[in-house]
Amino acid sequence: MDIDIKLIAHAKDYIDDLARGVNPLSKEFIDDNEIINNVKISRCLFYVSDILEAVIEGGGVKKPKKLKPELFNLQMLELDNYEYLNQPITISVIARRINELKPENMEKLKVTAITNWLVDINMLSVVQMNGKNHKHPTANGESIGITMEKREGQYGSYYAVLYNELAQRFIIDNLSAIIDGGYNQRQKKQ
């Protein structure tokens, strides 16, 4: 929204007149019994006039800068509130449920941070199929409750990697390794 300083100055003049008990159109005094001459309303109008004066002097209203979110910080999470689910769920559901426990001004835990860590510790492996990389549980991953399930989607069948309650607990218990290992750091463009 563009700010028209002349229009603000004109509105300020109207408010100043009203605050003094003057009709801004006719410049005649308003009857003392009118609501506009109530002391509380008059003070409010003078206050608004002061704000408009500051806007005029400042050349308009500046939009506040969008604050850069803080890095993901385990100490700020309420992990005690994480509810483990009995049924196997996808890694995106786990990440979303963790992110629901973080403060608003903190960056999100990325799905890739978790899966890349699981690959590095040999719980998942990367398998290339049809020219794309897919993650599959290793024997170690299966031992902690990572499984695969064939599903049908709008583009045909696919395999979903699922995490049971034990696997969810493993991830939550090892979040510090994921964060301290730098897996959630922003990727720099090269």
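Which residue takes a positive phi in the hairpin of E1 and E2? I looked it up in this predicted model. Asn-130 does, with phi near 55°. I noted two residues between the strands of that hairpin.

Entry: I then followed the pairing. Strand E1 covers residues 124–129 and strand E2 covers residues 132–137. The two run antiparallel, joined by six bridges. I checked Val-127 and found His-134 of E2 opposite.

**Entry: helix H4.** Next I turned to H4, residues 111–120. I listed Ala-113, Ile-114, Thr-115, Trp-117 and Leu-118 as buried. I looked for their packing partners. These buried residues pack against strands E1, E2 and E4 (156–163), and against helices H3 (91–99), H6 and H7 (175–180). After H4 comes Asn-122, where I read a positive phi near 65°.

**Entry: Gln-168.** I moved on to H6, residues 165–173, which holds Gln-168. Is Gln-168 buried or exposed? It has a relative accessible area of 0%, so I count Gln-168 as buried, the cut-off being under 20%. Beyond its neighbours within four places in sequence, I found Gln-168 in contact with Tyr-82, Glu-83, Tyr-84, Leu-85, Gln-87, Ile-89, Ile-94 and Tyr-163.

**Entry: Ile-36.** Last, I went to the loop between helix H1 (5–19) and helix H2 (39–58), where Ile-36 lies. Setting aside neighbours within four places in sequence, I recorded contacts of Ile-36 with Leu-18, Ile-30, Ile-41, Ser-42 and Leu-45. I also checked Lys-66, 30 residues from Ile-36 along the chain. Their C-alpha atoms are separated by 39 Å.

Key
Residues numbered from 1 in each chain as written. Predicted model: local features only at pLDDT ≥ 70, side-chain atom pairs only at ≥ 80, totals over all residues. Heavy atoms only, no water. Pairing = 2+ DSSP bridges. Helix = DSSP H or I, 4+ residues; strand = E, 2+ residues; numbered from the N terminus. Contact = heavy atoms within 4.5 Å. Buried < 20%, exposed > 50% of the residue type's maximum accessible area, 1.4 Å probe, protein only.
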